[in-house]
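Take a look at the chain and its ligands below.

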Amino acid sequence: MLKIYNSLTRKKEVFKPIQTGKVKLYVCGVTVYDYCHLGHARTYTAFDVAIRYLQWRGYDVTYVRNITDIDDKIIKRANENKEDFHELVKRYTTAMHEDFAALGMTKPHHEPTATEFIPQMISMVDKLLENKKAYIASNGDVYFSVRDFENYGCLAHRNIDQLESGARVEINDVKQDPLDFVLWKLAKPNEPQWESPWGAGRPGWHIECAAMSTSMLGNTFDIHGGGKDLIFPHHENELAEAEAATQEKFVNLWMHAGFLQVAKEKMSKSLGNFFTIRDCLENHAPEVLRYFLMTSHYRSQLQYADETIIQSRNALERFYTALRDMPSAEALVDSAYEEKFVNAMDDDFNTPIAFSVLFDLAHEVQRLRASDLALASMHAALLKKLGKVLGILQDDPHDFLMNEKKNSDVDVEKVNALIVARNEARAAKLWAEADRIRAQLTEMKIVLEDNAEGTVWKHE
Ligand code: AMP
Ligand code: ZN
């Protein structure tokens with residue numbers, strides 16, 4: 001029985017799609033004005049795993065992931081570059097596709113762009129005005145009126161007054177309530193714009209997803225998701241818009257992924273603490289990065305550290321070493337390993353436990369290798385089959401192991417041993433010894449960073 005955590009009810013629920021055997025799923029996509037960073041990859045890998053698993057469980061999944069191709073950041077960046085915003089969007093959309101494909105993500109079935117759905121957005125805004133859930137402000141922009149939507153705050157689990165205490169009240173605000181948000185924004189001179197009954201302008205961000213998702217998947221669909229930061233205000237506002245317009249339930253189950261963090265802070269463009277996916281791919285095999293992104297449960301935070309990436313590489317080396325030189329065979333059937341794997345994944349897609357089952361399986365392959373090659377190869381085939389559900393272990397083992405050797409010109413075990421020795425020296429206040437070890441590592445072109453959690457290392 002598959003259970004998924006629903007942010008709306010804050011409970012794990014038995015998954016029951018609206019239509020038997022079919023899943024309609026919408027994930028908020030990227031605002032394409034720059035290269036994607038590893039934080040983006042964290043969220044989209046989480047959904048990729050969910051989709052692969054649902055498919056493996058036999059569901060016919062329709063996966064929609066939009067592209068936000070018009071917004072303030074895009075306009076600003078296009079102006080800075082003195083280029084047409086379409087060109088900027090095209091370039092970064094292509095880059096996103098390349099990066100996501102490199103990380104082994106399955107392609108969405110539909111990838112609507114906001115600018116293709118302007119008529120649907122206009123008609124949703126129209127409906128909201130007709131239903132008296134929106135108003136035209138004194139500056140001509142159209143706003144959603146949160147006080148007129150009874151359930152406002154249901155996803156954030158806060159009422160309007162609680163939410164309001166955290167809202168920024170701007171001077172000269174034209175809004176009736178600080179939480180009201182824009183549905184249609186009139187264009188400033190030289191901005192991209194579309195005609196509407198309220199004047200030439202462009203849609204607000206939230207209405208984009210509300211209109212695109214309901215147009216593509218129906219007024220009510222199964223799963224909607226994104227990273228945790230989208231719960232409020234983006235998803236709260238989408239929910240309010242869609243339900244106030246259609247007067248039907250919008251989404252049955254809301255899934256949100258935890259952040260990839262660097263030194264306990266969310267990896268983000270605005271903080272400047274990010275690594276682009278393509279930069280990471282320069283230094284690490286794509287499968288290593290993919291594995292790393294799945295090492296913590298998708299709802300938990302994941303800490304970026306070179307050490308964890310190296311552990312991910314070591315884990316894959318162990319798997320591929322087990323798969324190496326195994327004759328092809330049918331995968332073991334009715335195995336306790338598969339049952340445990342399914343139980344882990346049925347429990348809200350618990351990849352860390354699923355990995356532990358794969359480790360046990362790899363261990364068994366190695367144990368049987370010398371005594372019963374036929375049985376070992378059936379275990380190996382099961383390892384590969386279950387790996388596929390997570391989008392790993394499909395490479396040729398020799399190729400993977402050879403490439404990893406080439407990539408790693410440092411002896412990881414030696415580095416780790418030296419770091420441990422240095423930490424011991426420091427604990428014993430043997431500063432000269434600690435410095436000597438650091439110098440030895442510097443010679444190996446390894447840079448150390450000490451923080452509250454311990455020591456991480458990087459290539460110079
Ligand atoms: P953006 O393009 O910033 O709107 O982000 C696109 C998606 O990536 C959203 O679902 C975000 O929640 C998600 N995202 C952005 N940064 C991170 C991060 N550091 N960790 C996990 N997800 C993230
Ligand atoms: Zn969205």
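Which side chain makes a polar contact with the side chain of S7? The partner is H256, and the two side chains are 2.7 Å apart. A polar contact is a pair of N or O atoms within 3.5 Å; within protein, one must be able to donate a hydrogen and the other to accept it, and residues adjacent in sequence count only if both atoms are side-chain atoms.

This is a predicted model, in which local features need pLDDT of at least 70 and side-chain atom pairs count only at pLDDT 80 or more, while totals for chains, interfaces and linings use all residues. Residues are numbered from 1 along each chain as its sequence is written, chains are lettered from A and ligands numbered from 1 in the order in which they are written, and side-chain values use heavy atoms, with hydrogens and water left out.

**From S7 to the strands**

S7 sits in the loop between β1 (3–6) and β2 (11–14). Helices (H or I, at least four residues) and strands (E, at least two) are DSSP runs, numbered from the N terminus. S7 has a relative accessible area of 8%, so it is buried. Buried means under 20% relative accessible area, exposed over 50%, and partly exposed in between (1.4 Å probe, protein chains only).

The contact partner of S7, H256, is also the bridge partner of G226, in β10. Strand β10 covers residues 251–257 and runs parallel to β9, with 6 bridges joining them. Two strands pair if DSSP finds at least two bridges between them. Strand β9 also has 3 bridges to β3 (residues 22–27), again parallel. There, L25 stands opposite I223 of β9. Strands of a sheet pair through backbone hydrogen bonds, either parallel or antiparallel. Why is β9 largely enclosed by the rest of the structure? Because 7 of its 7 residues are buried.

**Around ligand 1**

Strand β9 (221–227) returns here: β9 and α1 (38–56) each supply at least two residues of the shell around ligand 1. Helix α1 gives the most, with 5 residues. The shell counts 18 residues, and the closest are T43, G227, D229, L260 and M267. A residue is near a molecule if one of its heavy atoms lies within 4 Å of it. By class, the shell has 6 nonpolar, 9 polar and 3 charged residues. Ala, Val, Leu, Ile, Met, Phe, Trp, Tyr, Cys and Pro count as nonpolar, Asp, Glu, Lys and Arg as charged, and the others, Gly among them, as polar.

| Residue | Part of the residue | Atom of ligand 1 | Distance |
|---|---|---|---|
| T43 | side chain | nitrogen | 2.6 Å |
| D229 | side chain | oxygen | 2.4 Å |
| L260 | backbone | nitrogen | 2.8 Å |

Taken alone, ligand 1 exposes 490 Å², and the protein buries 90% of that. These areas come from the Shrake-Rupley method with a 1.4 Å probe; for residues, only the protein chains shown count as cover.

V262 has E265 of β12 as its bridge partner. The open sheet has the order β12-β11-β13, with mixed pairing. Strands β12 (265–266) and β13 (302–303) stand at the edges with a single partner strand each, so one side of each is left without a neighbour in the sheet.

**The zinc ion**

Which protein donors hold positions around ligand 2, the zinc ion? They are C28 (SG), C209 (SG) and H234 (NE2), lying 2.1 to 2.2 Å from it. Donors are N, O and S atoms within 2.8 Å of the metal (3.2 Å for Na, K and Ca); water is not among the atoms, so sites may look incomplete. Along the chain, the donors follow the spacing C-x180-C-x24-H. C209 lies in helix α6 (residues 205–217) and H234 in helix α7 (residues 231–246), so the pair ties together parts that are 25 residues apart in sequence. Both C209 and H234 are buried.

**Two loop residues**

Is T276 buried or exposed? T276 is buried, with a relative accessible area of 11%. T276 lies in the loop between β12 and α8 (277–283). A polar atom of the T276 side chain lies 3.1 Å from the backbone nitrogen of D279.

S328 is in the loop between α10 (306–323) and α11 (336–346). At 76% relative accessibility, S328 counts as exposed.
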